[in-house]
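Q: Before we look at individual residues, could you take me through a model one feature at a time, giving the general idea and then the case at hand?

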Amino acid sequence: MPYVMRNADGDICGLFEQPQEDFAVELLADDDQTVITYLNKPLPVTAVSARQFKLQLLAAGLLDNVDAWVAQQPRDLQIAYEYSGTFVKGSPMMAAGFAAMGFTPQQIDGFFVAASQL
């Protein structure tokens, strides 16, 4: 039976074997639905393969726009785009590209989740 820590919204954000004074004193059963939901929560997608990334660009109708944007960037960014095996969501190249395309943080997350499923 875990002791749970909750965030400001009341959602579980940590589990402990022992009580943690002042932040994890609530004890829940192992089969409590909120504990099960927390344990089965998918991990955030932080990187995808180049194949997944470019196929998602194609699926979203963005491949031509991104290719045109990359062609106007410094040579090091062009090389990174062409030869990277993995695209990391938090990299400076990704931040610049998504900003140029007008993506919100939520749209970037959604793009990477969709790409990870290809």
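Q: Where does G102 lie?

A: To place a residue, one first needs the elements, which here are DSSP runs numbered from the N terminus, with helices being H or I runs of at least four residues and strands being E runs of at least two. On that basis G102 sits in the loop between α5 and α6. The model is a predicted one, in which local features need pLDDT of at least 70 and side-chain atom pairs count only at pLDDT 80 or more, while totals for chains, interfaces and linings use all residues. Residues are numbered from 1 along each chain as its sequence is written, and side-chain values use heavy atoms, with hydrogens and water left out.

Q: Is G102 buried or exposed?

A: The relative accessible area decides this: buried means under 20%, exposed over 50%, and partly exposed in between, with a 1.4 Å probe and protein chains only. G102 counts as exposed because its relative accessibility is 53%. As for its place in space, the C-alpha atom of G102 is 36 Å from that of T34, a residue 68 positions away in sequence.

Q: How many helices and strands does the protein chain have, and in what order do they run?

A: The protein chain has 6 helices and 5 strands, and from the N terminus on the order is β-β-β-α-β-α-α-α-β-α-α. The radius of gyration, taken over C-alpha atoms, can be set against a globule rule of 2.2 Å times the number of residues to the power 0.38. For the 118 residues of the protein chain that rule gives 13 Å, and the radius of gyration is 20 Å, well over it, so the chain is more spread out than a compact globule. Along the principal axes, the C-alpha atoms fill a box of roughly 55 × 25 × 25 Å.

Q: What share of the residues is buried, and what share of the contacts joins residues 24 or more positions apart?

A: Buried residues make up 27% of the 118 in the protein chain. A contact means heavy atoms within 4.5 Å, and of the contacts with a separation of 6 or more, 52% are between residues 24 or more positions apart.

Q: Which residues touch the most other members of the largest nonpolar core?

A: A nonpolar core is a set of buried Ala, Val, Leu, Ile, Met, Phe, Trp, Tyr and Cys residues joined through side-chain atoms within 4.5 Å. The largest such core holds 19 residues, of which F53, Y81, F87 and F112 touch the most other members. At least two core residues come from each of α2 (50–59), α3 (63–71), α4 (75–83), α5 (92–100) and α6 (105–116), and α6 gives the most, with 4 residues. If neighbours within four places in sequence are left aside, the contacts of F87 include T46, V48, F53, Y81, M93 and F112.

Q: What does K89 touch, and where does K89 lie?

A: K89 lies in the loop between β5 (86–88) and α5. Not counting residues up to four places away in sequence, K89 touches V45, T46, M94, I108, D109 and F112. By contrast, the C-alpha atoms of K89 and P74, 15 residues apart along the chain, are separated by 20 Å.

Q: Are Q52 and Q78 buried or exposed?

A: Q52, in helix α2, is buried because its relative accessible area is 15%, and Q78, in helix α4, is buried at 19%. Residues up to four places away in sequence being excluded, Q52 touches A115, S116 and L118, whereas Q78 touches V70, A71 and Q73. Q52 and Q117 are 65 residues apart in sequence and 8.0 Å apart in space, C-alpha to C-alpha.

Q: In which strand does L27 lie, and what is L27 in contact with?

A: L27 lies in strand β3 and counts as partly exposed, at 39% relative accessibility. Leaving aside neighbours within four places in sequence, L27 is in contact with M1, P2 and Y3, while its C-alpha atom is separated by 36 Å from that of Q117, 90 residues apart along the chain.

Q: What value does phi of D22 take?

A: Phi of D22 is near 80°, a positive value in a residue other than glycine. D22 has its place in the loop between β2 (12–16) and β3 (26–27), and counts as exposed at 73% relative accessibility.
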